[in-house]
Amino acid sequence: MKILVPVKRVIDYNVKPRVKADGTGVDLANVKMSMNPFDEIAVEEAIRIKEAGKAEEIVAVSVGPAKAQDTLRTALAMGADRAILIETDTEVEPLAVAKILKAIVAEENPGLVILGKQAIDDDSNQTGQMIAALLGRPQGTFASKVEIEGDHVAVTREVDGGLETVKLSLPAIVTTDLRLNEPRYASLPNIMKAKKKPLDVKTAADYGVDIAPRLKTLKVSEPPVRVAGVKVADVDALVTKLKELGVA
């Protein structure tokens, strides 16, 4: 079985984003970028499935600028076998990404597509579901456990009421949640080996997909500054303060 793992280049989760002075978006100049954490979990899970002898090849794919090659090299260093970059400097919306991935799935014919449930930059949580809809394949979202069972995959999902387990016929789409696994660190030898692994660079036009944006961002602004709280000495003082504020 072949596994396809879409990954996205985003602002590193340790970095506090800054809004541009003109309010047109987030300032990416001189900002550390890395792989979306949810996608990193997806790469790790794909590697574990392969290590268990239930997959033969892992293909990482990303849609983004030329610098997204660094993100793909990280996936290759972790254990992916080859990578595909759909290069574009345009900010690509989830539907366009899903259409590109649909075309890649038709070309690669993977038994499993596994990706993060959402990207931490836009928090859309749409791409995985859209791929499943476009392909007409079963989907297991927010996975906290994935088990390959012959021609099926059992996915334990995190839902509001607890956990739900679904059994999907392969080929299928799975999106990962935080508690699925702990991604490994790429070793130095594997980082060096990753530089020699195949990485194909293509464009959306190669797949006949229009990536022109359908949405327009009108304004981006910082959240309002939170007002400092007030400490009180005891319960009576708390009740008095709440009455002053009109809460009690």
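**Exercise 1. Overall build**

What share of the contacts in the protein chain with a separation of 6 or more comes from residues 24 or more positions apart? Then describe the chain as a whole.

Solution. 
- Residues 24 or more positions apart supply 70% of those contacts.
- Keep in mind that this is a predicted model.
- Next, list the secondary structure. The protein chain has six helices and 13 strands.
- The C-alpha trace spans about 70 × 45 × 40 Å along its principal axes.
- Then turn to burial. Of the 248 residues in the protein chain, 41% are buried.
- Finish with the surface. Its accessible area is about 14,100 Å². Carbon and sulfur atoms account for 52% of that area.

**Exercise 2. Charge count**

Find how many positive and negative side chains the protein chain has, and how far apart the centres of the two sets lie.

Solution. 
- Count the charges. There are 34 positive and 36 negative side chains.
- Locate the centres of the two sets. They lie 2 Å apart.
- Now count the pairings. The structure holds 18 salt bridges.

**Exercise 3. The D81–K50 pair**

Which parts of the chain does the salt bridge between D81 and K50 tie together?

Solution. 
- Start with the distance. The closest N and O atoms of D81 and K50 are 2.6 Å apart.
- Place each residue. D81 sits in the loop between α2 (68-78) and β7 (82-87), and K50 sits in helix α1 (residues 37-51), so the pair ties together parts that are 31 residues apart in sequence.
- Check the accessibility of D81. Its relative accessibility is 22%, so D81 counts as partly exposed.
- With a relative accessible area of 26%, K50 is partly exposed.

**Exercise 4. The E51–R184 pair**

Locate the partners in the salt bridge between E51 and R184, and classify each by accessibility.

Solution. 
- Take the distance. The side chains of E51 and R184 meet at 2.8 Å, N to O.
- E51 is in helix α1, and R184 is in the loop between β12 (172-176) and α5 (188-194). The two are 133 residues apart, and the pair links distant parts of the chain.
- Classify E51. The cut-off for exposed is over 50% relative accessible area. E51 has 54% relative accessibility, so E51 counts as exposed.
- Classify R184. Its relative accessible area is 27%, so R184 is partly exposed.

**Exercise 5. A salt-bridge network**

Are E108 and R82 buried or exposed?

Solution. 
- Begin with the bridge. The side chains of E108 and R82 meet at 2.5 Å, N to O.
- E108 lies in helix α3 (residues 94-108) and R82 in strand β7, 26 residues apart.
- Judge the burial. Both E108 and R82 are buried.
- Salt bridges that share partners join K2, E57, R82 and E108 into one network.

Terms used. Residues are numbered from 1 along each chain as its sequence is written. This is a predicted model: local features need pLDDT of at least 70, side-chain atom pairs count only at pLDDT 80 or more; totals for chains, interfaces and linings use all residues. Side-chain values use heavy atoms; hydrogens and water are left out. Helices (H or I, at least four residues) and strands (E, at least two) are DSSP runs, numbered from the N terminus. Buried means under 20% relative accessible area, exposed over 50%, partly exposed in between (1.4 Å probe, protein chains only). Contact means heavy atoms within 4.5 Å. Accessible areas come from the Shrake-Rupley method with a 1.4 Å probe; for residues, only the protein chains shown count as cover. Lys and Arg count as positive and Asp and Glu as negative; His and the chain ends are not counted. The place of a charge is taken as NZ of Lys, CZ of Arg, CG of Asp or CD of Glu. A salt bridge is a side-chain nitrogen of Lys or Arg within 4 Å of a carboxyl oxygen of Asp or Glu.
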